[in-house]
Amino acid sequence: MPVNVRSALCAIALLLAPACTEESASGPQSFPPLSYSYLTHLYLNVAKIEIEDDWTPSEDDVSWLSPARPLDALRRMAQDRLTAAGTTARAVFKIQDASLRKGESVLSAHAAVELDIYTDSGTRVGFAEARAARTTTYSPEESSDAALRPLLYQLTKGLMDDMNVEFEYQVRHNLKEWLQQPSEPAGAIPPPVQAQPLQNPGM
């Protein structure tokens with residue numbers, strides 16, 4: 001191979017090497033959807049459950065940038081954890097705040113929900129409120145949209161961990177008369193009786 005051609009190929013290889021190294025070092029990022037079906041289900045003595053979104057994002061909201069938006073996560077929490085187990089009345093899960101805001105070197109997350117119980121005639125007979133908030137910092141090197149995405153994902157995940165704990169506590173504390181224990185399905189097989197060894201009377 002002529003020397004000038006070999007030199008040109010080596011120069012091209014040196015130019016491409018940093019880009020290839022950076023791509024392989026970072027690798028593809030994975031953001032699993034947030035789900036809460038593994039948590040304790042809350043059975044409400046109502047005939048149906050509705051979800052309402054009363055939240056309007058502010059100008060500095062960056063929820064659109066997060067791989068998991070708080071708004072979607074709150075909806076999923078209600079769908080995964082609340083179950084209608086009654087024949088009358090209705091429950092309304094209202095999302096009042098689901099914001100992710102970007103400040104100077106600080107990311108903040110806020111969530112607020114309200115669960116209202118209404119009779120069939122439309123009278124509100126009970127409610128529970130829950131709020132959660134978290135913050136995290138980022139460096140100037142992490143200020144790009146691509147760098148902020150994993151930070152926002154982890155921030156939302158932590159926010160929802162706090163919200164799930166607070167929401168269950170508030171529901172159990174303020175709507176305990178509307179909670180039901182899940183009934184066993186028809187034909188359920190009872191647990192086996194554990195055998196107890198009999199003592200020998202002669203011993």
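Guide: Helices (H or I, at least four residues) and strands (E, at least two) are DSSP runs, numbered from the N terminus. This protein has three helices and seven strands, in the sequence pattern α-β-β-α-β-β-β-β-α-β. The model is predicted: local features need pLDDT of at least 70, side-chain atom pairs count only at pLDDT 80 or more, and totals for chains, interfaces and linings use all residues. Residues are numbered from 1 along each chain as its sequence is written, and side-chain values use heavy atoms, without hydrogens and water.

Visitor: What is the order of the strands in the open sheet?

Guide: Two strands pair if DSSP finds at least two bridges between them. Here four strands form an open sheet with mixed pairing, in the order 2-4-5-6. Strand 2 (48-53) and strand 6 (124-137) are its edges, each pairing on one side only. Strand 5 (residues 106-118) is antiparallel to strand 6 over 13 bridges; Tyr 118 has Arg 124 in strand 6 as its bridge partner.

Visitor: Which strands does helix 3 touch?

Guide: Contact means heavy atoms within 4.5 Å. Angles run from 0 to 180 degrees between N-to-C directions, and axes are lines fitted to C-alpha atoms, for helices over the stretch in contact. Helix 3 (residues 145-174) packs on the sheet against strand 4, strand 5 and strand 6, at about 150 degrees to strand 6. Helix 2 (residues 70-81) lies across strand 2, strand 4 (90-102) and strand 5, at about 155 degrees to strand 4.
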